[in-house]
Structure formats: structure tokens, C-alpha cells
Amino acid sequence: METILCLLAACLLWQFQGGRCQNKASVPLTPTITELYAESYSRTLVVKWNISPLGFEDELNVTFEIQVARTEDLDVLHTDWYNVMLKKGKAVFTWQWVSEVPLECEDHSVRIRSILNDTYSSNWSSWVKHQGQHQGDEPEIFPYQEVLKEGSTAYFCCIPSKGAYVTTMKYNHKEYPVLPISNRTKAIKVENLPLTGKNGIFVTCNEHHVVIFVSFPPEKPQNVRCETRDLETVNCTWHPGKDNLSLRRKQKYSLITGPLPEGEVACSGNSYCAFKIVPGQQRYNTTVKVKNRLGVESVNLTVDITHIVFPKPPVIQSTTSGPRSVNISWTLEGNFSAFELLCQVITNNGDIPTVCVFLHQDEPHPSSIKCDEVSVDGLHPYTRHKARVRCAASEHFWKWSEWSEPQDFQTEAVRPSVAPDLWRDIKDGQHGRNVTVLWKKYPVSSESRGSIRSYSITWEVSGRNEQEVVSSEVTQKEIAINKDNCTITVRASNAAGSSPVSRLIIPAASWRDGNHPEVQKIHGSLEGFWMELQRDPRVDCGYAVEWCELPGATPCALEWRKIPFNTTFVRISSGKFTAGQRYTFRVYGCSSDTYWLLERKMGYTSELAPREQPSNLQTYVSHSSVTLMWDFSENSDYHPGFIRGYQIHLQDSLFCLLSGSQVFNVTNASTKEYTIPDLLENREYTITVAAFTAAGLGPQAVVTVITPGNHVQFLVILLTSVLVLVLLVVVLCVYLWPHKEMVMEIFLDFFRVPTPKDIKALQWDNTIYETTKKLQGLTAQDCPCCKIEIVETKQEDLHELKLRSLLPSSCSPSSESVCSSTVPVC
């Protein structure tokens, strides 16, 4: 019955199109939304719907129109079209929409309709709502505690509490314009989000805030490498990418070696992971995966465990040593049964490491394998050694293991291989000679080849041999011998035997070549003294250099050094050499175990300034020079440097502040007298004298002298001046005698009193007259006559009256006689 009804409905839909009739058997049906939910983290709204399979038999191309709206006013936010080939029996579809604004900010509704051939559409489905966050007692901000992508654009919405409104919104303390989402919800838009630190940043709405994190998708791990140390576990390492987050938001690493999920191992760190080896499996396809909330990255690596063996350090179990060899065995942790290993054994004797190859068979306890004993030869007898072992895969070499912990052992002793280093110190005695025989202890773990127990000394006295054995702590023996030749021998003994004999011949007292070489000066350094040895054709058994390490002390710590006969230059060094100390070296030549003196040298490792000043400074002073004399022991061994001379400073006390002192150098240290010339008489001088070395001046001796006056020279100058004056007068008299009358006249005129002249009166005003009267500088006296001539007539009457009042009554302007007055014009 239903089929008949459908056919009838189809017949009613016939229509003519394009000159023919088209079948409309498939009528668009209204979709039914079956599910609507949100994936909040990705802001994705997921819609699922179906359509009744009835009404179509064949495949149809159908377009679904989907609309998304906010529920409050059902304002359509987004419209999309979803094309699908509709098949009979498949009528459920899924569509996703990503919102710019977090879906919690508002309710969202979705409806769908189907469109056939872009012409016929069905009815809209009912609106289906996804409910957002509703208002509560506290404001809500979305998103929160989320990780956003660096450089992206994000919307942050705020749902205020009940009865409140959104006033301000801030991102990282910066206020942004508020965008309306609905009547109750507001949002802000932040573009190009910058990276945040591990603590994130604040998004604030009114006074409420949440924390947001901004990061980036993970980077691929770099330099992924895997290796096994025991053939039981594979350890993989890599260089992780950068990460700015921490705790549960940081990037997570995992290692995949098989089917998921069993084959995936979560890594505890960000650069290391390990997985167990499956017995019988040799190759593994591994994947290192890293992910965070913004993405996933991975790196694939194929691993063959036989190619990546990096053993753990071996453990030395035992050592058995002889005088020159040692047997060593060790264990190696891991499942190395039936695995070929290459191992190295090395000792601290400086030789090339011993290499050995071992093939280990199955053992009851494969977690640890044991290497058979290996013998190492070429060691020093009676010496402390350290042995170490390392191993690696032999067939597919990957890398050496770390060295094992060193195993200490000591080789057995043998008799000393060389004779003691022997020397002597000869001094004349009352009935012969006293000889101090000296020898050096063997260096530790060297030619002694065992702990020295004693020294045996033999010598010949009066035709018979004497012998004495001393302990190993003794290094010298004093013996008395006569004037004849004496042969002295010394040998050392340890638990394994005695050393070769060291021989020394003391020549007869009469055997002397009479050579007393002069002392040569040498210069050393902090490293010691370099010296050139004098070649002597008589030398056939080398040279010996002797010196005292503590010059002036008793004993002086006599030291020596034997030198091969073909050596020309030698450096003498000692840790006891000190600066400012003079060392004297005696160089001996050797022939048939007999030594004689060749050279004497002395020097300093570093010179210092003298410590003593010249003494007994004396002066001999003249009016123009001063002669200095002093005492100084320039050749004393106690000087801290070679005395090279003396320096004299002369200071003029009168001009000490105006000019510096004069310096005079005496470059011959044996000269202790000097004369300073060209001094000034009656002058005080300060003179200092100091010895000097290459390092500088020593203390100064000071003296002050005063030069006397030169009276003889003064008399000579005076007599010479008088003689010159007399001679000049005689020459003038001889020259002027023909003109004596004219000269006499000139001479008399010089002493003649001039005759009175007419006096011209000065003009006196009343002020000058009154002042003169008060000072009594002008007093009128009687005179027989006075001749006055008036030159100017200005205010003539007044002046004439004043003048007349000053003259006596017996004088008149017309008188011809001269007046005697104290007035300056008379």
C-alpha cells in the first residue's frame, strides 16, 4: 500500500523541462539532528544528523545547508554547505564548525535543510541548542588554563556574575576594547599572541583574572641515537627542541617500538628513553614522538642491537704479579654470552695497551661474564702499578666502554740494576786525610728494584781492606786514610741481591797538577744555571759538578751531579736554589775513576741589591774639589749579587731645591777612591756613596763638606788691578804732558766758584708765602743790595706789594748791590 502511495505522489510531480518530462521521484527530505556537542579545547562544534532512507532508490547528490546562530536572538553567525552523495542505507552525516569565540561564552543553535539539484529544498530542521556557560556567583573568563599558539589571534570572553556587568577587560595588564557577544557576555580580541613564560600571563575581567599560556607546536627531536650497554636494554637519546612550558603543559615524549598501545613507552625525560630487548629479536623500528597541546612531531629510526653495543666499565677481579709481569682477570655486566668482545688492558708504565679478543660461550649466569686471565709483560720491578680495562664489540665496533676503576698492584723486587751514585769530600788531617764518602739514595720505584736494606762500604787503609755495612737510611761515611792512593767502593743490597759496585779512587796526596783555576762568573735564572764544560782530552769517564746548597752553613749540604764525558752544555737545577745567594760550582774531570779539579764557577740565580753600605768614608777637601776614600769588601761571598761598582751623588746644599744632584759612577769595584772636581768655594755639599749590583743600589754612606775660600787668588786679583790702574795713569800723563796748560785750566775751572748772575724773581702767590712762613723755610735778612727783575706783570700790584713787604727798607728795586738771603733765588 505504501509503495502505491509513493508512486501516485511521484506521478503528480511530473513536469516538462527542456522539451522533455523529468522524474521527481526523489523529494528532498528534512534532516533530523541527532547529536550536537562541543570540543571546548579546539572551540569546535560537532553536528550529527540523518535523513530517512525512504524516498530514494539510487544515489543522489544532495547539498545540506547548515546554519549556526546564537540562541539568544537566533542571529545566524555562520552558514555552510555540505555536499554528499546520498546512498541508500547510509543516512547519518557529521559536520564540524570552529568558532572564533570560545563556545562556553554563549548558547549556540544549529539547524539544517537539504537541497536537491540546487533547486528544491526541504524544510529546515528544528533548532538544536548547545548550552554555554550561564551566569553564576563569580565571573567566568574563557578560555582559561589553556595553551594558545604563538602568533595566532584569540578571543577572550567574560561572563559576569549575576547582577553585574563587564566594564573592563585586560590582556597581560593591557586594556583592550570590549566587543559585545550578547547582552550579558563581552569579549576582547588579541592579535599576534607573544610567547609567555612558564608561569603564563593574566587575562582580567573587572577584578577577576585567569592564567593563559602561549607556546608553539613541538619541534622534531634531533640527533636520535640508540645504544645498548648490556644487550638487555636499549637506551635512546636525542636533542630535544625548545619548550617554554612546564609541569603538565610541557612537551611529552614517548618511544614506540611495536604495535600500539603496548609498544609505546612514555619517556620520563625530554632527551632519554629506554626499552627492553625481546629475546631473539635483533632489529627494531623505533619512533621517537613528541607532542603538546598544539601538535605532534616524530622521528623514525631502525636499530640493529649488534651494531650499537657500548659495554659498561669492566670490574677487575684479581691480579697476580711477578717482577716484570701481571695476570689480570675481570667481569663484564650484561648478557654477552656467545658475543665476541675486544678488550684492552693498560698499565701506567707508558707502554702501548695490550689488546686481546675473547669469544664467550653461554654461561649459567648470563647477566655477568668473566674474562680469563690476561698476562701483561714489560713492567718495572718493585713498582706500584695501576691496571685498567675497557671493552667493545669486536665484529661491529661501536665505541669503547669507559675504563674500569684502576686496580693497584706492585711487582716483585729484583736486585738493583745500577751502582749507587758515589762522591767524596776530602780534607787534610793531622796524620793524613779525612774523606767523607757520600752516596745518593735510589729514586723511589726506580733502579733500586726493591726496598734497599743496607749499603756496604770498603776501602783500603795501610795495605789492608776495611769494610763496614750501614743501614739504608745512612747516606755518608767518614773515613781516615793516609797520603797514599785509596780505592773506595760502595754497593747497595735489597731482598733480591746486591747492586753493581760503585768505585772511586782517592789519588795520593802528592798527586796534584798544581792547577788552581780562576773563578768564572756565570748568571743563572729561576730554572738553574746553564754552564759550558771545558773539554779536556784526559777525561774518559765523564765529569762531576759539585756545589753547596746551603753556602756558609755547617754542613753546607754538599751536592753533586755526574755528567757523561761527551756532554758540552749542562743545566744545574735544584729546588733549594734561592735568589740573592751566591753559589760556587767546582767542575771535576774523571779518568780511571779519579777526579781532579778543572774549573770553578760562581753565580746567582737572581741578583739582589747590596745589603751593606761603604764604611770608613773619608774626605779631603780643597776650594774646588773633594777626594773621597772608603772601605768595602766587594769580593765577599755574602753579597746578594756581584758588586759592579759604586755610585756617588753630589748635592749642592744652596741649590738643592733648584737643581738635582750630580751622579758619578765608579765601574771598577776594586777602586775605592774618587775625586769630584769643579766645585765652588765657600759652598756646602752633601755627598753619598753606595755600592750597586745588577739589581740596583745598596744603602748609602753620607758625608757633608764645605769648600774653603781661595785667599791667594784674591790677592793676585787685587794686585793685578792696582798695577793696571797705575799703568793707566802713567800712560795718560805721558800722553797729556804737551797739553798741560789746557788741562790745568780745565781742571781749575772745575773747582772755581761761579760769579753771581741776574736773578729773576719767581711769582709768589699768597698761598706759597703763607706756607713758607709757617714752615719758616723763607727768612728775610738785610743785604747791601738786591737786584730784582720782574718778568711778568700779571696781578702786578698785588705781587709787588707782597715782595716789598718781604724786603728790608735799605733795599729797593733799583739798588745795584747784591742781597744776601736764604731765599732760593738770591
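In the predicted model, Leu247 is placed in the loop that connects strand S21 (233–239) with strand S22 (252–256). The phi angle of Leu247 is near 55 degrees, a positive value in a residue other than glycine. Leu247 has a relative accessible area of 66% and is therefore exposed, the cut-off being over 50%. A positive phi is also found at Asn223, again near 55 degrees and again in a residue other than glycine. Asn223, however, is located in a strand, S20, which covers residues 222–228.

Two cis peptide bonds to proline were examined, at Pro143 and at Pro555. The bond between Phe142 and Pro143 is cis, with omega at about -5 degrees. Pro555 is found in the loop running from strand S44 (543–548) to strand S45 (558–563).

The protein chain as a whole contains five helices and 55 strands. Its length is 826 residues, and 37% of these count as buried. Among contacts with a separation of 6 or more, 65% are made by residues 24 or more positions apart. The accessible surface of the chain amounts to about 48400 Å², and carbon and sulfur atoms contribute 53% of that area.

In soluble globular proteins, nonpolar side chains tend to be buried together. In this model, the largest nonpolar core comprises 27 residues. Within this core, the residues with the most contacts are Val437, Trp439, Tyr455, Trp459 and Ile488. Two or more core residues are supplied by each of the following elements: strand S34 (422–428), strand S35 (433–439), strand S36 (454–461), strand S38 (476–481), strand S39 (486–494), strand S41 (502–506), S45 and strand S47 (583–591).

The surroundings of Trp439 were examined individually. With neighbours within four places in sequence left aside, Trp439 is in contact with Pro420, Asp421 and Leu422, and also with Tyr455 and Ile457. Further contacts of Trp439 involve Val470, Val474, Thr475, Gln476 and Lys477, together with Val490 and Trp560. Of these partners, Tyr455 is itself listed with Trp439 among the residues with the most contacts inside the core.

Key. Residues numbered from 1 in each chain as written. Predicted model: local features only at pLDDT ≥ 70, side-chain atom pairs only at ≥ 80, totals over all residues. Heavy atoms only, no water. Helix = DSSP H or I, 4+ residues; strand = E, 2+ residues; numbered from the N terminus. Buried < 20%, exposed > 50% of the residue type's maximum accessible area, 1.4 Å probe, protein only. Contact = heavy atoms within 4.5 Å. Areas by Shrake-Rupley, 256 points an atom, 1.4 Å probe, with all protein chains shown as cover. Core = buried A, V, L, I, M, F, W, Y, C linked by side-chain atoms within 4.5 Å.
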